[in-house]
Amino acid sequence: RSKSTASPGPAPITQASAKNVPSYTGTFDALGKTAGEHTRIRGALFSADGKTRLDTTTEVGNAVIETYSLESGNAVYTWRINTMTGTKKFGSLDTSIVPALEGSGSVVRNGLTINWDCHAWIPDPKVLVLPKGVTFTVVQ
């Protein structure tokens, strides 16, 4: 099922397309330059029962940021490790970094070479819950 394509690649995932795949998980690794800086974005995606979680590590230059997001209902919750606060924004989680929900491949998009591998999974309900002890503030 592996495929390699040039830009623009597969259509980005939308929440509507995600709902057509019952349960999936995947990993991704994107390398390239953005704004003249070496950039790497890697992480994992989990989805089941109308919820989607995206865990990312972003490296730009010497900065490293780990971010965790969970879409549940009509809101997206975002937090970082070792913090007691996060944000809650109404809308959908942007999972467009992952080019396709099923299969694997490589694509060049916006100056980044993105490799991904996604497949069906038996959901682990512990992955699709908000962290305990984090207070979420609503943002626009």
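Mentor: Residues are numbered from 1 along each chain as its sequence is written, and side-chain values use heavy atoms, with hydrogens and water left out. In this predicted model, local features need pLDDT of at least 70 and side-chain atom pairs count only at pLDDT 80 or more, whereas totals for chains, interfaces and linings use all residues.

Trainee: In what order do the elements of the protein run from the N terminus on?

Mentor: Helices (H or I, at least four residues) and strands (E, at least two) are DSSP runs, numbered from the N terminus. The protein has 1 helix and 10 strands. The order of the elements is β-α-β-β-β-β-β-β-β-β-β.

Trainee: What is the volume of the largest pocket?

Mentor: On a 1 Å grid over the protein atoms alone, a pocket is an open set of points where a 1.4 Å probe fits, with protein on both sides within 12 Å along at least five of seven lines. Grid points are joined across faces, edges and corners, and a volume is the space filled by probe spheres set on the points. For the largest pocket this gives about 170 Å³.

Trainee: Which strand gives the most to the lining of the largest pocket?

Mentor: Lining residues have an atom within 4 Å of a point; here they are Ile 41, Leu 54, Thr 56, Thr 67, Tyr 68, Ser 69, Leu 93, Asp 94 and Ile 97. Both β4 (51–60) and β5 (63–72) supply at least two residues each. With 3 residues, the strand that gives the most is β5.

Trainee: How many residues of the β4 strand are buried?

Mentor: Buried means under 20% relative accessible area, with a 1.4 Å probe and protein chains only. Strand β4 is largely enclosed by the rest of the structure, because the buried residues number 7 of 10.

Trainee: Which residues does Thr 56 touch, not counting residues up to four places away in sequence?

Mentor: Contact means heavy atoms within 4.5 Å. With residues up to four places away in sequence set aside, the partners of Thr 56 are Phe 28, Arg 42, Gly 43, Ile 65, Glu 66 and Thr 67.

Trainee: Over how many bridges do β4 and β5 pair?

Mentor: Two strands pair if DSSP finds at least two bridges between them. β4 and β5 form a hairpin with 2 residues between them, and Gly 61 in the turn has a positive phi of about 60 degrees. The sense of the pairing is antiparallel, and the bridges number 9.

Trainee: In β4, which residue is the bridge partner of Arg 42?

Mentor: Strand β3 (residues 37–48) pairs with β4 in the antiparallel sense over 10 bridges. The two form a hairpin with 2 residues between them, where Asp 49 in the turn has a positive phi of about 55 degrees. The partner of Arg 42 in β4 is Thr 57.

Trainee: What distance separates the C-alpha atoms of Ile 41 and Ala 30?

Mentor: Ile 41 lies in strand β3 and is buried, with a relative accessible area of 17%. Among the residues that Ile 41 touches are Ala 30, Thr 57, Ile 97 and Leu 112. Although Ile 41 and Ala 30 are 11 residues apart along the chain, the separation of their C-alpha atoms is 5.1 Å.

Conventions:
Buried < 20%, exposed > 50% of the residue type's maximum accessible area, 1.4 Å probe, protein only.
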